[in-house]
Amino acid sequence: MASNLSENTAIRFLTNIQIPAKAYSEAKSELQLKFKKEPSPGDVAWSVLNDSILECSHEKNYQKLSSVYYSMALLLDKEGKDAFTIRQQSAKWGLHRYLAAGLVQDVQILSARDSCPQCKKLEGKVFPLEEALQKLPVPSRACSRPLHQKTRGFCRCTYVAVV
Ligand SMILES: [Zn+2]
């Protein structure tokens, strides 16, 4: 992955979700050995996040899985790439966490204070959990609030359990 990310920024994508900075330096050494050249910070962070995806899947830690995908999406967006399908993965595993817990019937969409008008329309809507998983109403393709890029929307809408 081509990258213009600084090393500190790349490390922050990891430490923000409780992955220690040490994982970054270890992955950097590994990639350096493998490719015989210094890997870009974005590549190193991506590799650590990928490892974390495998680990969380294995442990069936869906909440963490959702966070790791979210961090990947932020990283992609920051690097000017389309993050939509990765954001969907994040949403999907966030919902799977509720499914696995077995206590949640419905989920409600929560938008952020600074969400775009399109996402605001979804604010407060309630879906049966299974339907939310099938349709994934958020993230929305119609989202218009950019994060790092001018052309793609990236609101922080999420699902909360209705209790
Ligand atoms: Zn939006």
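**Strand pairing and helix packing**

Isoleucine 109 has tyrosine 159 of strand β3 standing opposite. The model is a predicted one.

- Three strands make up an open sheet, arranged in the order β2-β1-β3 with antiparallel pairing.
- From one strand to the next, the twist averages 35 degrees.
- Strands of a sheet pair through backbone hydrogen bonds, in either a parallel or an antiparallel manner.

- Strand β1 spans residues 106–110. Its covered face carries Val107 and Ile109, while Asp106, Gln108 and Leu110 lie on the uncovered face.
- Strand β2, residues 126–128, pairs with β1 in the antiparallel sense through three bridges.
- Within that pairing, valine 107 is placed opposite phenylalanine 127 of β2.
- Strand β3, residues 158–161, runs antiparallel to β1 and is joined to β1 by four bridges.
- Which residue of β2 is the bridge partner of aspartate 106? The partner is proline 128.

**The helix on the sheet**

- Helix α5, residues 84–101, packs on the sheet and touches β1 and β3.
- The direction of α5 makes about 5 degrees with that of β3.

**Helices α3 and α4**

- Two packed helices are described by the angle between their axes and the distance between the axes.
- Helix α3 (residues 41–59) packs with helix α4 (residues 62–78) at an angle of about 160 degrees, and their axes are 9 Å apart.
- Because angles over 145 degrees count as roughly antiparallel, α3 is roughly antiparallel to α4.
- The crossing in which α3 passes α4 is left-handed.
- On the α3 side, the contact is formed by Gly42, Ala45, Trp46, Leu49, Ser52, Ile53, Cys56 and Ser57. On the α4 side, Lys64, Leu65, Val68, Ser71, Met72 and Leu75 take part.
- By class, the residues of this contact are nine nonpolar, four polar and one charged.

**Helices α1 and α3**

- Helix α1, residues 7–15, crosses α3 at roughly 15 degrees, and the two axes come within 9 Å.
- The two helices, α1 and α3, are therefore roughly parallel to each other.
- Their crossing is right-handed.
- From α1, Glu7, Ala10, Phe13 and Leu14 meet Pro41, Gly42, Val44, Ala45 and Val48 of α3.
- The contact of α1 with α3 comprises seven nonpolar residues, one polar residue and one charged residue.

**Leucine 133**

- Leucine 133 is located in helix α7, which covers residues 129–135.
- Why does leucine 133 count as partly exposed? The reason is that leucine 133 has 17 C-beta neighbours inside 10 Å, whereas a buried residue has 20 or more and an exposed one 12 or fewer.
- When residues up to four places away in sequence are not counted, leucine 133 touches Lys92 and Leu95.
- Leucine 133 lies 79 residues from leucine 54 in sequence, and their C-alpha atoms are 21 Å apart in space.

Terms used: Residues are numbered from 1 along each chain as its sequence is written. This is a predicted model: local features need pLDDT of at least 70, side-chain atom pairs count only at pLDDT 80 or more; totals for chains, interfaces and linings use all residues. Two strands pair if DSSP finds at least two bridges between them. Axes are lines fitted to C-alpha atoms, for helices over the stretch in contact, and angles run from 0 to 180 degrees between N-to-C directions. Angles under 35 degrees count as roughly parallel, over 145 as roughly antiparallel, 65 to 115 as roughly perpendicular and the rest as oblique. A crossing is left-handed if the near helix is turned anticlockwise from the far one by less than a right angle, and right-handed if clockwise. Two residues are in contact if their C-beta atoms, placed from the backbone, lie within 7 Å. Ala, Val, Leu, Ile, Met, Phe, Trp, Tyr, Cys and Pro count as nonpolar, Asp, Glu, Lys and Arg as charged, and the others, Gly among them, as polar.
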